[in-house]
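This report describes a protein model for a reader who is new to structural analysis. Please keep the sequence and the three-dimensional view at hand while reading.

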Amino acid sequence: MAGKKNPNASLNNQNEAAQSSEGGRMAELSDEEKALNKKKGERGAARVGQEEESHKCCGCRFPLLVALLQLALGISITAVAFLMTGSSSSFLVRDTPHWAGIIGCVVALLGLCMVCMTYQADETTCCQFAVKLAYFLLSAFSLIVCVLAVAFATYHYSQLTHFSCGMTVDSACQCKLDPSDPLSRTFVYQDLSDCSAITGTIKVYVLLQIILNPLLGLVGLVACFIMWKDRYQVFYVGVRSHTLATSEMQQQKV
């Protein structure tokens with residue numbers, strides 16, 4: 001009996017060896033799963049970082065540069081318009097396009113509000129979607145208003161270049177397009193001490209309006225284009241990257 005081997009002991013040893021090998025395999029599988037999960041987490045963080053970087057310009061979020069340009073141009077247009085109004089009370093509202101500058105300032109302030117908002121992909125919040133939509137519509141409206149302001153300023157400048165002006169008894173400047181024609185239209189500018197302001201200072205103000213308003217309209221057009229690109233092209237790129245990530249996961253599982 002002593003020389004015979006115990007079959008139960010050998011079976012127990014085999015079971016223990018099998019259990020230890022299975023435990024080692026499970027540990028290796030858990031380590032591999034942890035490593036895969038870690039890689040997925042790193043890829044997700046990198047993807048989020050790339051999305052955040054794609055919505056930044058010079059280290060800042062997208063609308064900052066455009067919004068600052070709109071604010072600077074809007075303030076400049078408004079200031080020149082009020083300078084024209086202060087020089088003479090006879091200017092029409094269309095000749096002093098402070099309304100175009102004020103609209104540009106409102107759009108710029110809305111763009112600065114977008115800078116302060118935390119970016120979320122695909123407009124997952126109603127507030128972010130509403131602000132983006134309002135910014136896009138107001139930028140388009142600002143573009144149309146600037147085109148009108150340029151048209152009015154160009155027409156006014158063409159008149160100023162053909163004016164023949166003279167002072168009247170009541171300290172007003174009377175200008176005509178054709179002094180030889182008695183039926184020619186007459187323009188009277190009040191609160192002016194000298195008619196040279198019409199053909200000098202006022203002409204410079206109108207020329208500034210012709211330069212500043214197209215710039216503001218161009219910035220509004222760029223803002224509309226970038227908002228459209230951000231809404232549609234970035235959205236589809238996100239779907240494509242998601243499908244690529246899904247295919248990679250399936251390949252890893254196989």
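## A residue of strand β5

At 41% relative accessibility, V188 counts as partly exposed; the term covers values between the limits for buried (under 20% relative accessible area) and exposed (over 50%), found with a 1.4 Å probe and protein chains only. V188 is placed in strand β5. Helices (H or I, at least four residues) and strands (E, at least two) are DSSP runs, numbered from the N terminus.

Apart from neighbours within four places in sequence, V188 is in contact with S90, A172, C173 and Q174, where contact means heavy atoms within 4.5 Å. The C-alpha atoms of V188 and C173 are separated by 5.6 Å, although the two residues are 15 residues apart along the chain.

## Basis of the model

The model is predicted: local features need pLDDT of at least 70, side-chain atom pairs count only at pLDDT 80 or more, and totals for chains, interfaces and linings use all residues. Residues are numbered from 1 along each chain as its sequence is written, and side-chain values use heavy atoms, with hydrogens and water left out.

## Overall architecture

The protein contains 6 helices and 5 strands. Along the sequence they follow the pattern α-β-β-α-α-α-β-β-β-α-α. Of the 254 residues, 28% count as buried. Among contacts between residues at least 6 apart in sequence, 68% join residues at least 24 apart.

The protein exposes about 16000 Å², of which carbon and sulfur atoms supply 65%. Accessible areas come from the Shrake-Rupley method with a 1.4 Å probe, and for residues only the protein chains shown count as cover.

## Aromatic pairs

How many aromatic pairs does the structure hold? There are 3. Rings of Phe, Tyr and Trp (its six-membered ring) pair if their centres lie within 6.5 Å; planes under 30 degrees apart count as stacked, over 60 as edge-to-face and the rest as tilted. The rings of F91 and Y189 have centres 5.4 Å apart and planes at 50 degrees, so this pair is tilted. F91 lies in the loop between α2 (63–87) and α3 (98–116), and Y189 in strand β5 (residues 186–189), so the pair ties together parts that are 98 residues apart in sequence.

Both F91 and Y189 are buried. Ring pairs link F91, F163, F187 and Y189 into a cluster.

The 19 residues of α3 should span 27 Å at 1.5 Å a residue, and the end C-alpha atoms are 28 Å apart, which agrees. The expected span is 1.5 Å times one less than the number of residues in the helix. Buried residues of α3 include A100, G101, I103, G104 and C105.

A search of the whole structure finds 1 salt bridge, defined as a side-chain nitrogen of Lys or Arg within 4 Å of a carboxyl oxygen of Asp or Glu. The side chains of R94 and D95 form this bridge, at 4.0 Å from N to O. R94 is partly exposed, with a relative accessible area of 33%, whereas D95 counts as buried at 15%.

## Helix α4 and the nonpolar patch

F129, L133, F136, L137, F225 and W228 form a nonpolar patch on the surface, with about 580 Å² of accessible area together. The elements that give two or more residues to this patch are α4 (126–160) and α6, and the largest share, 4 residues, comes from α4. Patches consist of residues with over 30% relative accessible area and no salt bridge; like charges are joined within 9 Å, and nonpolar side chains (Val, Leu, Ile, Met, Phe, Trp, Tyr) within 5 Å.

Leaving aside neighbours within four places in sequence, S142 is in contact with I103, G104, V107 and L216. T154, also in helix α4, is partly exposed, with a relative accessible area of 39%. T154 and L207 are 53 residues apart in sequence and 8.1 Å apart in space, C-alpha to C-alpha.

Q209 lies in helix α6 (residues 201–253) and is buried, with a relative accessible area of 1%. Not counting residues up to four places away in sequence, Q209 touches I77, V80, A81, M84, P97, A153 and P214.
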